2 protein chains.
Amino acid sequence: MDKLISRSAQLDMLRRGFSRRSLARAAALLGAGAALPFYNEPALAQLSNIGRLPPDAVKINANENPLGPCPEALEAIARAARNGGRYQYEETSDFVNLLASVEGLKPDHVMPFAGSSDPLHRVILAFTSKTQPLVMADPGYEAGQRAAAFVGSQVIRVPLRKDYAHDVRAMAAAHPTPGVFYICNPNNPTGTVTPREDIEWLVKNKPAGSIVLLDEAYIHFTEEPAGSDLVAAGKDVIILRTFSKLYGMAGLRAGAAFGRPDLLEKLRGFSAGALPVTGMVAASASLRVKNLVPERRKYLREIREDIFEWLEKNRFSYVPSVSNKFMVDVKRPGQEVVREMAARKVYIGRVWPAWPTHVRVSIGTREEMEKFKAAFLEVMS
Amino acid sequence: MDKLISRSAQLDMLRRGFSRRSLARAAALLGAGAALPFYNEPALAQLSNIGRLPPDAVKINANENPLGPCPEALEAIARAARNGGRYQYEETSDFVNLLASVEGLKPDHVMPFAGSSDPLHRVILAFTSKTQPLVMADPGYEAGQRAAAFVGSQVIRVPLRKDYAHDVRAMAAAHPTPGVFYICNPNNPTGTVTPREDIEWLVKNKPAGSIVLLDEAYIHFTEEPAGSDLVAAGKDVIILRTFSKLYGMAGLRAGAAFGRPDLLEKLRGFSAGALPVTGMVAASASLRVKNLVPERRKYLREIREDIFEWLEKNRFSYVPSVSNKFMVDVKRPGQEVVREMAARKVYIGRVWPAWPTHVRVSIGTREEMEKFKAAFLEVMS
């Protein structure tokens, strides 16, 4: 256990009421992480079962936004919560209408969700099958794999190109009857962009009967064009959006799927129930704040540029991300570095099997990244 | 349209920015309600698309709690929202552990959800099929029907007994290979109880391979024993709980399914994603408030007793509910009365096809029920 969580951190946690047994469990989970097939954001919930991280932990492991929700969102939440005895379906309708108008879509092309994990999961359930695989990038965001496993669909992983874009030509050729082409743009974990012309090429040239699932969870961090116009044009495209990232609402839950009504309709049957009104009103309030996106994009970009400059100065090898996380090559089993960083209370992201010596690091505040730098130098020296 | 929404209410709505076309749509939906196969709480969302109800509307149509969340829940929401940039999975774990300890269950027998509609839907998806029907009461809560339709399962409706309990013997005999026996206790819409010994009889005598789905959304309004001990004893029972009703958290979304881990595991694959932290912390805070349940139960009971006394005095025929809603027999097509009440800005619940002359009325505040009385006398005279 000593290797995983420092003695002082252990003492801290014991003082705060965690048992030695739960600490051992935490250490085991941290260690086992890389080997688990579905070790992704939701799987971190397991880790959380042991209790909270130390209060001075640097949490740059889950692509969260340290800025949190904007003040306008917090005000909206307080109002909606006071009226929380009511379902307030009208707030969900308002959110749909507002988001549709922002994106230039008809409201019936926007389906609201509590985040984007749910529609991601449902798209895989609805559009893949034993004979229609999920085709995705490697490394890519793995959450869809769990849905594929549930319906018994094959998952075909196609390596990213050398420029870290999705290799759409190789993806299109990967299987004769694909179900879903999953493109996360910018990609998670690499934070790299797949050019618009490649996405258009795939939409045009993919085998009939398949759809392109364009996960734009991180699109707001870039200046890249979003894909909403492909949906408006009636293409076989479903787009995922979340308010968890740039909008700083990971815990509050708001998101949407954009698509033709006939495609969205296939997602409806897997679940039911009202959406959290707190997430809906916070999302609407955030959409109404002028300049929120460019200001937060700039904030993040400056910290990212600073950390990249520092990595270069210290001759570390990294992938040039345009998002709120990046991959750095630690030139040894990444999981060792994850553990040694955690022992210094700096919690970085996980390792992808395809790139075993890279670790994913989310971008926190300037202060948090200074702590990252100090710990990383120690661990890497 | 005049028959559906009063002229002054129309003017009110027009002044608040609703178009004449959206008013017509609202009127059409109100009118069509009784005929729609799945006209239930979530379907009200459609209605909400036309905008908000007038500010002085009496909203006793969705079994909401006019008290809303308790102050402790609101405080917890404010704290969690400020930290809303983080997923805060640990709050969901805390909620599970706390609820499990309150119910005398192991934490692995409690699966958290954003309300109980989601697990209700998933249980039907997981445990019914084309050859294993859903068996439910008539009238009963219809939400499960939509899930059954999605998987192509038959729905068998068994009339309530004369004492308004579920007829568990007739339900058990209804089909040779049932999938799910759905028992809402107390029942929605009738607010009536199925005695514990009947539930035990069904659990013991149901055909093998089926499960009993015990929906306890309204259990806190009664003094009836809950079914948690059946789950603890390892029976083929899944229990649904929600914080939408007594706890006044309909818009905030928190709930749970209780069951053996092997049963709960079957629900997992249909969706994914973090739960709204605002709902989780509000639920935990509510569970920690001593006497919240008995105090709110008493508040509701006193208003219910008053309205029943008034109904008797005025010789109206009603079903003796022990919950936060009741059925009253209007001796003519119920939908007419729903419309005429709405024209007086008193929005009551819907009509069940099995009981076409009954309307469901949720119990609001004393002030709201006085407005109900006045409007009801007008409409019924």
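**Notebook: aromatic pairs and charges over rings**

I looked up B:W355 and found it buried at 16% relative accessibility (buried is under 20% relative accessible area, exposed over 50%, partly exposed in between; 1.4 Å probe, protein chains only). This is a predicted model, where local features need pLDDT of at least 70, side-chain atom pairs count only at pLDDT 80 or more, and totals for chains, interfaces and linings use all residues. Residues are numbered from 1 along each chain as its sequence is written, chains are lettered from A and ligands numbered from 1 in the order written, and side-chain values use heavy atoms, without hydrogens or water.

I then went through the ring pairs. Rings of Phe, Tyr and Trp (its six-membered ring) pair if their centres lie within 6.5 Å; planes under 30 degrees apart are stacked, over 60 edge-to-face, the rest tilted. I get 22 aromatic pairs over all chains. A:Y87 and A:Y89 are stacked, because their ring centres are 5.4 Å apart and their planes at 5 degrees. Both A:Y87 and A:Y89 are buried.

B:W355 pairs edge-to-face with B:Y164, at 5.9 Å centre to centre and 70 degrees between planes. I checked B:Y164 too: it is partly exposed, at 25% relative accessible area.

In chain A I noted one aromatic cluster, formed by A:F308, A:W310, A:F316, A:Y318, A:F326, A:F372 and A:F376.

Last, charges over rings (NZ of Lys or CZ of Arg within 6 Å of the ring centre and within 35 degrees of the ring normal). B:K325 has its charged end over the ring of B:Y218, 3.1 Å from the centre. B:R169 lies over the face of B:W201, 4.4 Å from the ring centre.
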